[in-house]
Amino acid sequence: MTVEVLPPHDVQTTLNFYKPTNDELPYHYVEEPPAGVPRTNVGQDVQQVVIHDVRGKEDTVRLDKTGFQFIKHKSVEKEFLDEEAIQTKYYAEVEDILKKYVGAKRVAIFDHTIRRTPVDGVTPVKGARRPVQSVHVDQTSSAAVACVYRHLGDDAERLLKGRVRLINVWRPIANPVAHHPLAFADYRTIDPEKDLIFTRHIYPDFEGTTFHVRYSPTQRWYFLANQTPDEVALIKCYDSDEDKARLAPHSAFRDVTSPKDAPTRQSIEVRVLVFDTE
């Protein structure tokens, strides 16, 4: 048997892909479901994959080619504990990043999520979520368009006539990422018709839709080893331009090569609608 020799710092690990558990349309309740209803009917198909390190080859991945890219940017925010500072100072930085690196003319930031891995079962900061360890895309195409209508109001119809993108701006907090880094699939290696599974994403006050992802051996996976707080990942979740990479499936994963005593992962992701025409 031939054993694959991995270049540094490529990682052999597992990712959790979509597996149906019944014949219903896949769904997931973000908070507690109604009494007697399972929180989700999405199962897990655990697959061995190799995740390739792009450290030193960052220019080989680009938002419009692979669906994700990495840029360098030092933030004035360090701990991300002050909600007002995040929504004023940091949101302004995110807007500047997208205007500089992706050619945005107008942006609409509509939410953010802070993730901090629980230590001994306790989340270090109230309200923080844990890393998501299943392969997914945050929005379907229809959900992204609905997001424009929900957040841009009277401007939505006009803005939707031009190019629209939904981009996540993802940054580590405080320390380089050792545990649960993010893996990204190269858009060119997925089959959107076969691999993307439309899933109801049910909130208490409205319902959106996301994609879970079915495993395929043609998929190629990448990450940036030891990503620092000054290295930002831009993750495309939707693009109305069908000639470009339209999205990037992604997931946190377990890196068994990481030092066990390294700090647990902390990160912030900001979700942004990006418009090119005005």
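**Close-up views of cavities and cores**

**View 1. Lining of the largest cavity.** The lining residues of the largest cavity comprise 6 nonpolar, 4 polar and 4 charged. Here Ala, Val, Leu, Ile, Met, Phe, Trp, Tyr, Cys and Pro count as nonpolar, Asp, Glu, Lys and Arg as charged, and the others, Gly among them, as polar. The model is predicted: local features need pLDDT of at least 70 and side-chain atom pairs pLDDT 80 or more, while totals for chains, interfaces and linings use all residues. Residues are numbered from 1 along each chain as its sequence is written, and side-chain values use heavy atoms, without hydrogens and water. A cavity is a set of points, on a 1 Å grid over the protein atoms alone, where a 1.4 Å probe fits but cannot get out; lining residues have an atom within 4 Å of a point. Of the 14 lining residues, Arg115, His136, Leu182, His250 and Glu269 lie nearest the centre of the largest cavity.

**View 2. The second largest cavity.** This cavity has about 30 Å³ of space, the volume being that filled by probe spheres set on the grid points, which are joined across faces, edges and corners. Its lining consists of Trp170, Val177, Pro181, Leu182, Phe223, Leu224 and Gln227.

**View 3. The largest nonpolar core.** Such a core is a set of buried (under 20% relative accessible area, 1.4 Å probe, protein chains only) Ala, Val, Leu, Ile, Met, Phe, Trp, Tyr and Cys residues joined through side-chain atoms within 4.5 Å. Among its 34 residues, Leu15, Ile51, Leu152, Trp221, Leu273 and Phe275 touch the most other members. A second, separate core has 22 residues, including Tyr90 and Leu234.

Key
Buried means under 20% relative accessible area, exposed over 50%, partly exposed in between (1.4 Å probe, protein chains only). On a 1 Å grid over the protein atoms alone, a cavity is a set of points where a 1.4 Å probe fits but cannot get out, and a pocket is an open set with protein on both sides within 12 Å along at least five of seven lines; lining residues have an atom within 4 Å of a point.
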